[in-house]
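Colleague: I would like to learn how to read a few features of a protein model. Please give the general idea each time, and then the case at hand.

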Amino acid sequence: MSRTFKAVKCPSEELSVTNAAIVNEDDFRDISHVSVSPTPHNEFIFTVLADSKVPQGKIGFNAQHRKWASLMLGADIIVRQYKMNNKTQSIGRLQLEADFFAKKGQQAVTLDSDKMAAEFSMQFKRRAFTVEEPLVFKYEKKLYSARVTEIEVIDYSQVDANAKMVGKPKMAQLGLLTPNSSIIFEKVEGSMLNFSGKAKGKSSHQSIINPDWDFTKLGIGGLDEEFSGIFRRAFASRVFPPDVIEQLGMKHVRGILLFGPPGTGKTLMARQIGKMLNAREPQIVNGPQILDKYVGESEANIRKLFAAAEEEEKRCGAASGLHIIIFDEIDAICKARGSVAGNTAVHDTVVNQLLTKLDGVEQLNNILVIGMTNRKDMIDEALTRPGRLEVQMEIGLPDEHGRGQILNIHTETMRSHDKLAPDVDLAELAGLTKNFSGAEIEGLVRAAQSTAMNRLIKATSRVEVDTDAIEKLKVTRSDFLHALQHDVKPAFGSSKEELDIFLAQGILSWGEPVNRVLTDGDLVISQVKTSDQASLITMLLEGAPGTGKTALASKIAKGSDIPFMKLCTPENMIGYTETAKCQVIKKIFDDAYKSPMSCIIIDDIERLLDYVPVGPRFSNLVLQALLVLLKKNPPPGHKLLIIGTTSRKDVLMDFEMYPLFKTVAHVSAVSNVQQLVTVLDSSDGFSDKELQRITKKMSGAKLFIGIKTLLSIIDLAKQMQAGERADKFLNLLEDLGAVDYAADFS
């Protein structure tokens, strides 16, 4: 339906700089855009705004628009409603030529085109623009004129082979400005107005993503999957036009929580997210900085962080820019309410204030809060529900591929300046740095560089540097291996050095019982690595004292090549209280959960429980902790192998712990002459004549001795002179009560 209106001036300068057609609110209701035809063959599209200062039946234009559309004051013009198509007419890129509105007396000025574009987008949200259309707008209290030179729209009406909507750019004469539109300013030829920033060239319509962003240059290694997950959950919705999001009834993600061990790249990733986005400069806040000793100040500090976003949201609505707030160590201020002692309840009110700002009555849609913590378990659960910090991403220890990426990043400068020796194989180093965090790998590179530089230092009466060799300095493979061995150890690494102590004498395969235990161990390791059904696998080695249970457990663990191996032994907890023991045991398990595949050896379980048969007495607190941890499954995507050792199988049965071990292997003692001779023969301490004497003496006797004890008395007997060792060995066996000759009637 068309109507005839008379063209008039805009009733005020304030309305003139809106670049809209001004109408009386009684003439147009629920209409956003109109086509204006001064003649039957000409049509111009305008966004309309209602103002009571314009009489009914009249429509106001500023001077630039009247000249552009040849609109005579008082002339009759045909006005029709015009519906913009959000799917096909959303502007991806709007290119403008700009100049001073009043050119006389102007001096050369350089403006930041990025800030100017952001302000332009907020002033003219949801405005229709046409190629060659003249505009006038206010920026930093000055008037500027502009002309639309190019419009590129994104056509969202197309679908790909998977029936998914895809946006295809194409040039157009008319388009609708959205918050995702990229705005490019260029100066009019001969103008005194200049631009800095990204004023030139084409820019992606997805202006939420910085056009200069390049993932490969961000210095983040081993986090490809995590970064992709964050982008999919938190930013994909901000790429599409607001109308599409409204049609889906979708809300933007307002919070991300990054958690994981120290040094894995949480802070680095948060900072790079800020660089990736075309957003306001991120506010980076350390959690403890928020807290204040004065009542109410901590909550006020939270409100100040959101103040700029609130002001812009009220002023610009959907056209508001994105405000990013990064909380480092967020657990310092967002502990679970009621968990902090004291009667001031400062922590509780800080949590309440943050919850209100994230998802309160007046919700902000232009914020993104990124929290980082090493202790996700300490954070109030209300903060992690959907609508708040709903995207929770674990930034764990990098796998071998990720470690290779990190090494590649930290050695790139050396390679470019030919300071890395050809014998350095980054793939080899990636394999050797199991359970290293990103920070520890960076520390390894620094340690290798220091080792290389140390070769040029002559430590005499004074420190001298071999200046002639400086230019030829290269970091070699041996420098990295030296750093691995002596300088840098992973905080969540394995207890291989402790396990090596138990394997110092090796594993002596003295008979079928030993081979059976090792075979069972191989099967369990295979189950850990290949089974998709079980994420928690438990194995118990039980047998008499001195039978080598700990050594066999260490052999199984080391042979598995599992990245994370920890030994939980009572030897390391001498003098600990029950509570302290529980904390140490829990930390071992917590650390194991952070590695994709882990192995924990719980050695000498009855000693760990402080069990004594007199009474009997034991630590119930430690017992309950172990009963819980032996049943607790690791997080999804993680696997945990627990190997326990005990000399008191009956005690574990009484404590109802025995059934928690799904695989039980009995570690036998040496119990016959053939097994004994095998051990003696491998010791190279006895002559054939002595072995024959021992065999004859032991014939028909009963024998029961642990391999650990047996090796000890063999070593003692070897201190005797040759020819006397057999008798001494037999005497030692008798003194220990390990042999019974009662059955010998020869």
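Colleague: Is Asp561 buried, partly exposed or exposed?

Modeller: Buried means under 20% relative accessible area, exposed over 50%, and partly exposed in between, with a 1.4 Å probe and protein chains only. Asp561 has 43% relative accessibility, so the residue counts as partly exposed. The model is predicted: local features need pLDDT of at least 70, side-chain atom pairs count only at pLDDT 80 or more, and totals for chains, interfaces and linings use all residues. Residues are numbered from 1 along each chain as its sequence is written, and side-chain values use heavy atoms, with hydrogens and water left out.

Colleague: Where is Asp561 placed?

Modeller: Helices (H or I, at least four residues) and strands (E, at least two) are DSSP runs, numbered from the N terminus. Asp561 sits in the loop between helix H18 (549–560) and strand S24 (564–568).

Colleague: What is the phi of Asp561?

Modeller: Most residues other than glycine have a negative phi. Asp561 is not a glycine, yet its phi is positive, at about 60°. Lys141 is another residue other than glycine with a positive phi, near 70°. Lys141 lies in the loop between strand S10 (134–139) and strand S11 (142–159), and its relative accessible area of 82% makes it exposed.

Colleague: How many salt bridges does the structure hold?

Modeller: A salt bridge is a side-chain nitrogen of Lys or Arg within 4 Å of a carboxyl oxygen of Asp or Glu. The structure holds 18 of them. One of them joins Asp155 and Lys170, at 3.7 Å from N to O. Asp155 is in strand S11 and Lys170 in strand S12 (residues 165–171), so the pair ties together parts that are 15 residues apart in sequence. Asp155 is buried, at 8% relative accessibility, whereas Lys170 is partly exposed, at 40%.

Colleague: Which distant parts of the chain does the pair of Asp418 and Lys474 link?

Modeller: The side chains of Asp418 and Lys474 meet in a salt bridge of 3.4 Å, N to O. Asp418 is in the loop between helix H11 (412–416) and helix H12 (426–432), and Lys474 is in the loop between helix H14 (467–470) and helix H15 (477–487), 56 residues apart. Asp418 is partly exposed at 48%, and Lys474 is partly exposed at 27%.

Colleague: How are Lys586 and Asp590 separated in helix H19?

Modeller: Lys586 and Asp590 are four residues apart in helix H19 (residues 578–593), so about one helical turn separates them. Their side chains form a salt bridge of 2.8 Å, N to O. Salt bridges can also join into a network, as with Arg93, Glu150 and Glu152.

Colleague: How many aromatic pairs does the structure hold?

Modeller: Rings of Phe, Tyr and Trp (its six-membered ring) pair if their centres lie within 6.5 Å; planes under 30 degrees apart count as stacked, over 60 as edge-to-face and the rest as tilted. The structure holds 18 aromatic pairs. Ring pairs link several residues into a cluster, among them Phe100, Phe120, Tyr139 and Phe195.

Colleague: Where is Arg385 found?

Modeller: Arg385 is in the loop between strand S19 (367–373) and S20, and is partly exposed at 34%. The C-alpha atoms of Arg385 and Gly255 are separated by 10.0 Å, although the two residues are 130 residues apart along the chain.
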